[in-house]
Amino acid sequence: MKKWLIMLVAIVLGLLGLAGCSSSDKSSGESKDGKVEITYGFWDKKQVPAINEIIKKFNEKYPNIKVKTEITPYGQYFQKLETAATGGALPDVLWMNGAHVQQYAEGKVIIPLNDLVKKDDYSLDNYPKSLVDLYTVNDQVYGIPKDYDTIGLWYNKKIFDDAGVAYPDESWDWNKLKEVAKKLTNKDKGIWGFASTLMNQEGYYNFIWQNGGEIVSADGKTAGFDKPETIEALKFDVSFIKEGLSPTQAQMTETAASELFSSGKIAMMFDGPWMVPEYKKNPDINVAVLPKGKQRAVSIHGLANVIAANTKHKDAAWKFVQFLGSKDAAEIFAKTGTVIPAYNGTQDAWLKSVPNMNLKVFIDSAEYSVPLPSVKATGEIWQYEVDVLKKAWSLEVSVEDAAKELNKMANDALAKN
Amino acid sequence: MKELPLNGDVKGKRKKSVSSLAKTKKRSDYFWAYVMIAPTMLGLFIFYLWPILQTFYYSFTEWGAFGQHVWIGLENYKRMLTDANLFQSIKNTAIYIIFTVPIGIFLSILVAVLLNQKIKGKTVYRTLYFLPVITMPAAIAMVWRWLYNADYGLLNYLLSLFGIKGPHWVSDPKIALYSIIVVAIWSGVGYNMVIFLSGLQGIPRVYYEAAEIDGAGPFTVFFKITLPLLSPVIFFVTIMSLIGAFQVFDLIFMMIGKGSTALEHTQSIVYLFYQHAFVLNDKGYAAAIAVVLLIVILIITAIQMALQKKWVHYD
């Protein structure tokens, strides 16, 4: 009898042990004193100070909602979300980008906010319309815009001064960019004039749009990589590598271009305002508007806060999302110089946060900006871009061949969805 | 005389009770053994066996977003037959195995034999060789990545002192895989060395003494005594290193960047699996790759088990 009892205890303990392993999921608990805990998932470590300050302010208003942050580096962010969404373990509130919102909305793992917006009379007019549209899927709003970013031409003043060349300005076009890159490239000192990074949003997309090419057609059905304008733009981008004006693709995979740039090895490169916290450490660095091609164009993208469908605390999550979208939160983001807040009218504070940099170009260029492709297959197409275009960037195959191969893969991906 | 029957009686009685006691004791021993391993077995079933069965099932499905999947029969397996990337990754894995396993084992035996001698500071050497084993693979990969950096790495700097311009160790498609192999061997030698050391110390001294009396030289001793008696350990290490080499992933993932042009020429089968499962969200096809890998490893291990009779000496 006694033995049976012991065995029973042993088995129960064993099972408890197992249950203990599995119960550590991200579902947030509700403690006795009515406090709820929600998690906030995002990827950018540089924004942690600003976000912590916002949470502090949020808790002054709502002391009963505890917010736990969960940072996943961008490289793994959407892979982790995919798995978490499958298992119903998404953070209650999370960052979403334009490339994935369709997929997540149609997969019903994030919730539409229309009812909540209507109930609380929450105004979406405070944000640029293009950003609200980006997060509207089938006439339902899924995200409250958080910030936006365009791309600028970052440059190192010291390299320009040493070579006696004038800094970039609005008059620059592609030819001027090439001409100055040639002047600034100095093999003996190990300085490159420009960096042709294998990046879409901060790199070749800008050239493609400036040249009148396209990535995905307006109806979202066909890819435009094999259009002559697109190929010409890609060729221009790769020509910097070909002519030795940019580090090679191999060099840039071994040492990130942004690192080479901050340490004064690269004179000019395209990059976004999210690099401000990093680049402001180097007093020689400033930013100008992108040189123009056949037309002016720049990629624009903005993040939004969304609510997971598996949240157990929808009200608390919505309160937090509202607060993140508020003017107060936007001002904190602006003041710390982290990102351009999406809330209209708060951008000035962002400009003042780093007065010695010409940050205004990022806001001014929003005027002629083009949003990133937002179709269900965007994530997949982006993967193919890296897989295929890197062969053109490393000069293994011609840009034409790479573009054609990529276009076929992208079209297959578009047809599948 | 009186005592004898009594004695016998007692003996008989005791014998009887002992045997029945032994039976119940044996039964309860089994019972308790099962109770004790129950938690582990449960874990094994839930976290290993069940996922393996699921993987097998998923290999016949195609995946959509967030866990939706439909049955597509053998499509994934058919697709594998025409997947050039898969064949390239099999080739890469094969090269990786051909170099890391034999060289790794050879070097580990060499180091183990040397460190089994009476030399000064051998514990220091043993620790040094074992250090990579207790270091996180990610840390190893990061440090080597920096050493290998073509423009700012230590390796090419040293070469430049001799006027040699070093290659792009981890970006040149022709070299990258071999750069990884070097790191893999370097980080694996310590672990195998420890196993070989214990194997060496398990060889009875008498054989060596007898050989010495018979006047055998050090090479004869090594090939006629040490190697045969070490063969069970060599067998074990070979099986384990082969399985480990088939599953190589972390070093490649960490050392070869996503945009690297060397990726196609370094990605292993498991890396391709990862790419399909977690990057392209093509989990059905990824499961099929995993199943094929499992079968290949099973077959190769079975062949080794069969061949061992020819060369492994258990005493």
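Student: Hi! How do helix 4 and helix 7 of chain B cross, left-handed or right-handed?
Tutor: Hello! In this predicted model, helix 4 of chain B passes helix 7 of chain B in a left-handed crossing.

Student: And what angle do helix 4 and helix 7 of chain B pack at?
Tutor: Helix 4 (residues 122-134) and helix 7 (residues 176-201) of chain B pack at about 115°, and their axes are 7 Å apart. That angle makes helix 4 of chain B roughly perpendicular to helix 7 of chain B.

Student: Which residues in helix 4 of chain B meet helix 7 of chain B?
Tutor: Helix 4 of chain B brings Tyr129(B), Phe130(B), Leu131(B), Pro132(B) and Val133(B). Among their partners in helix 7 of chain B are Trp186(B), Tyr191(B) and Met193(B). Counting both helices, the residues of this contact divide into ten nonpolar, two polar and no charged.

Student: Nice. Switching topic: how many residues does each chain put into the contact between chain A and chain B?
Tutor: Chain A gives 27 residues and chain B gives 24 residues.

Student: Which helix gives the most on the chain B side?
Tutor: Helix 1 of chain B, with five residues. Helix 1 and helix 11 (269-279) of chain B each supply at least two residues to that side.

Student: OK, confidence next. Where in chain B is it lowest, and where is it highest?
Tutor: Lowest in helix 1 (residues 3-58) of chain B, with a mean of 75, and highest in helix 3 (residues 84-115) of chain B, at 94. For chain B as a whole, the mean pLDDT is 87, and 93% of its residues reach 70 or more.

Student: Which residues of chain B stay under 50?
Tutor: Residues 1-13 of chain B do, and the model gives them zero contacts beyond four places in sequence. Where pLDDT is low, the predicted coordinates should not be read in detail.

Student: And what about chain A, what's its average pLDDT?
Tutor: Chain A averages 88, and 92% of its residues score at least 70. Over residues 16-30 of chain A the pLDDT is below 50, but this stretch has 17 contacts in the model beyond near neighbours in sequence.

Student: What ipTM and pTM does the model score?
Tutor: ipTM is 0.74 and pTM is 0.79.

Student: Last one: what domains does the assignment give for chain B?
Tutor: Domain 1 (3-58) and domain 2 (75-311). Taken over C-alpha atoms, 41 Å separate the centres of domain 1 and domain 2 of chain B.

Methods. Residues numbered from 1 in each chain as written. Chains lettered and ligands numbered in written order. Predicted model: local features only at pLDDT ≥ 70, side-chain atom pairs only at ≥ 80, totals over all residues. pLDDT = per-residue confidence, 0-100. Helix = DSSP H or I, 4+ residues; strand = E, 2+ residues; numbered from the N terminus. Contact = placed C-beta atoms within 7 Å. Domains from an automatic or database assignment. Axes fitted to C-alpha atoms, helices over the stretch in contact; angles between N-to-C directions. Parallel < 35°, antiparallel > 145°, perpendicular 65-115°, else oblique. Left-handed = near helix turned anticlockwise from the far one by under 90°. Nonpolar A, V, L, I, M, F, W, Y, C, P; charged D, E, K, R; others polar.
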